[in-house]
Amino acid sequence: MGLLDSKVALVTGAGRGIGKEISLTFAKEGADVVCLDLDPESASSTAREVEELGRRSMSLKCDVSNLSEVEGAFKSALDKFGRIDILVNNAGITRDNLLLKMSQEEWDLVLKVNLKGAFNCCKAIIKHMMKQRSGKIINIASIIGLIGNVGQTNYAASKGGLIAFTKALAKELATRNINVNAIAPGFIRTAMTEALPEEIREQMLKNIPLGRFGEPSDVANVALFLASPLSDYITGQVLVVDGGMVM
Ligand code: NAI
């Protein structure tokens, strides 16, 4: 018996990093997983790994910032599986720069993917979840949306916005038995953070009370909790997964 037996999950940005780990963790707990990513090869590689775990899967190439693409992708997922019980809005990007130097394009792109992407995916699924009278929506935010960071005004605004969006949507959907929560990871070892210079990584490590960087599995385990019946009485919350950086 798994925590997610007979559930269908859709994970955005499932091709690598945190999204891939969430997809595989859900599959190990019995869920069928729809793997959506901008990069079709990585999405289908995660989908293959889900199938190797004995679950059904499908991969979808989709840009979450484009509503009509998202609607088409969600329709094909619903056509194949008949239901979606869990949505994880994980796809996200950075385009770091000091505000003084930040271009409109850098600002717009980060807001479009990280914040409008979640709006688009929720738009595409909530009618279905409302009819089902159940659902779990998990938004992957960031501690930067809570505390800010130099060079990340666009990213901080997108993740802070995502946290506010989570709370508002949680209130809208509570009577329909749909839980909407966010996870705010700290520094997690993925391709996104590997791009940071060594001295910044060392500086960050000094500020982590638990004394290590997070692994994608640290976030995936919390996503599993929020996707499962164990968290049925939790909605509109932000669970911080950061080794104690923000407390
Ligand atoms: P990553 O860069 O390793 O993976 C992101 C995935 O999203 C990639 O597979 C990429 O192709 C996909 N993606 C990017 N733009 C997309 C789009 N427009 N449409 C569909 N898919 C798209 O990133 P990582 O580290 O796994 O991060 C995942 C999420 O966790 C992001 O939202 C990120 O902001 C958040 N996060 C990550 C932290 C970290 O330390 N790695 C810390 C806090 C939050």
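Select Glu49 and Lys20 to begin: their side chains form a salt bridge, with the closest N and O atoms 2.9 Å apart. Glu49 belongs to helix α2 (residues 40-52) and Lys20 to helix α1 (residues 17-28), so this pair ties together parts that are 29 residues apart in sequence. Keep in mind that the model on the screen is predicted. Glu49 has a relative accessible area of 28%, which makes it partly exposed. Lys20, at 23% relative accessibility, also counts as partly exposed. The structure holds nine salt bridges, and two further ones are on this tour.

**Stop two: Asp32 and Arg55**

Select Asp32 and Arg55. Their side chains meet in a salt bridge, 3.3 Å from N to O. The pair links distant parts of the chain, since Asp32 is in strand β2 (residues 32-37) and Arg55 is in the loop between α2 and β3 (57-61), 23 residues apart. Is Asp32 buried or exposed? Its relative accessible area is 7%, so Asp32 is buried. Arg55 has 28% relative accessibility and counts as partly exposed.

**Stop three: Asp232 and Lys136**

Now select Asp232 together with Lys136. This is another salt bridge, and its closest N and O atoms are 2.7 Å apart. Asp232 lies in the loop between α9 (216-227) and β7 (238-241), while Lys136 lies in strand β5, so the pair ties together parts that are 96 residues apart in sequence. Asp232 is partly exposed at 47% relative accessibility. Lys136, at 8%, counts as buried.

**Stop four: Asn139 in strand β5**

Stay with strand β5 (residues 135-140) and pick Asn139. Asn139 has a relative accessible area of 0%, so it is buried. What does Asn139 touch, not counting residues up to four places away in sequence? Show Asn89, Ala118, Leu162, Phe165, Thr166, Val180, Asn181, Ala182 and Ile183 to see these contacts. For a distance to check, draw a line from the C-alpha of Asn139 to that of Lys20: the two residues are 119 apart along the chain, and these atoms are separated by 15 Å.

**Stop five: helix α9**

Select residues 216-227, which make up α9. The 12 residues should span 16 Å at 1.5 Å a residue, and the end C-alpha atoms are 16 Å apart, which agrees. Colour the buried residues of this helix: Pro216, Val219, Ala220, Val222, Ala223, Leu224, Leu226 and Ala227. What do the buried residues of α9 pack against? Show α1, β4, β5, β6 (178-185) and β7, and the packing partners are in view. An α-helix has 3.6 residues a turn, so residues three or four places apart point the same way.

**Stop six: helix α4 and its end**

Next, select residues 104-132, which form helix α4. This helix has 29 residues and reaches 40 Å from its first C-alpha to its last, close to the 42 Å expected at 1.5 Å a residue. Where is the kink in α4 centred? Look at Ile125, where α4 has a kink of about 40 degrees. Just after the helix, select Arg133, which takes a positive phi of about 55 degrees.

Leu100 sits in the loop between β4 (86-89) and α4. At 86% relative accessibility, Leu100 counts as exposed.

**Stop eight: Gln152**

Then go to Gln152, in the loop between α5 (144-147) and α6 (153-173). Although Gln152 is in a loop, it counts as buried, with 8% relative accessibility. Leaving aside neighbours within four places in sequence, Gln152 is in contact with Thr94, Asp96, Asn97 and Ile144.

**Last stop: Arg201**

Finish at Arg201, in helix α8 (residues 198-206). Is Arg201 buried or exposed? At 17% relative accessibility, Arg201 counts as buried, because the cut-off for buried is under 20%. Beyond its neighbours within four places in sequence, Arg201 is in contact with Phe187, Thr193, Glu194, Leu196 and Phe213. Of these, Phe187 is 14 residues from Arg201 in sequence, and the two are 8.9 Å apart in space, C-alpha to C-alpha.

Conventions. Residues numbered from 1 in each chain as written. Predicted model: local features only at pLDDT ≥ 70, side-chain atom pairs only at ≥ 80, totals over all residues. Heavy atoms only, no water. Helix = DSSP H or I, 4+ residues; strand = E, 2+ residues; numbered from the N terminus. Buried < 20%, exposed > 50% of the residue type's maximum accessible area, 1.4 Å probe, protein only. Contact = heavy atoms within 4.5 Å. Expected span 1.5 Å × (residues − 1). Bend = angle between axes of the 7 residues up to and from the residue. Salt bridge = Lys/Arg side-chain N within 4 Å of Asp/Glu carboxyl O.
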